[in-house]
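Student: Could we go through the terms used for this model and see what each one rests on?

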Amino acid sequence: MTDNIFATSVFFRLAIGGNDLGAFHTCSGMGAQVEMESYAEGGNNGFTWQLPGRVTWSNITLTRPVTADTAKIGRWLDETLRRVEPKDGEIVALRPDLSRIISWQVYGIVPVRWQGPSFDPATSQPAVETLEIAHEGLVPS
């Protein structure tokens, strides 16, 4: 099992459209922002109404060292980029013993960017890949 290579205390497993894309060391960018519109009601000088508008979801970025799971990303990208169709998925935060901490259902996922590894034998840094995804919303599950 490739999960033994992760020395961090938490890692993240990503599945999209039924495809298990493996585990990642970092997961950042989970968030949302509500656009607010101010409305000043005539004759009411005590406050301004704050009306919620659209919700904007930030992109999620996941990174990991290159592993055998890197090939899963390549296959998923090849399949997805032939016909881009948003698919639902799940991100699960796991402890090293594979016990679940929390998971999020992520709706309407599409790839934004994949950055492959840079190999430099002059450094002792591991080769890292990065996947950025856009989505239509998420909820803890």
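Predicted model: local features only at pLDDT ≥ 70, side-chain atom pairs only at ≥ 80, totals over all residues.

Tutor: Residues are numbered from 1 along each chain as its sequence is written, and side-chain values use heavy atoms, with hydrogens and water left out.

Student: What makes strand S9 largely enclosed by the rest of the structure?

Tutor: Buried means under 20% relative accessible area, exposed over 50%, and partly exposed in between (1.4 Å probe, protein chains only). Six of the seven residues of S9 (residues 128-134) are buried, so the strand is largely enclosed.

Student: Why is leucine 98 called partly exposed?

Tutor: Its relative accessibility is 36%, so leucine 98 counts as partly exposed. Leucine 98 lies in the loop between strand S7 (87-94) and S8.

Student: How do you know that the span of helix H1 agrees with what it should be?

Tutor: The expected span is 1.5 Å times one less than the number of residues. For the 13 residues of H1 (residues 70-82) that should be 18 Å, and the end C-alpha atoms are 19 Å apart, which agrees.

Student: Which residues of H1 are buried, and what puts them on the same side?

Tutor: The buried residues are Thr70, Ile73, Trp76, Leu77 and Thr80.

Notes
Helix = DSSP H or I, 4+ residues; strand = E, 2+ residues; numbered from the N terminus.
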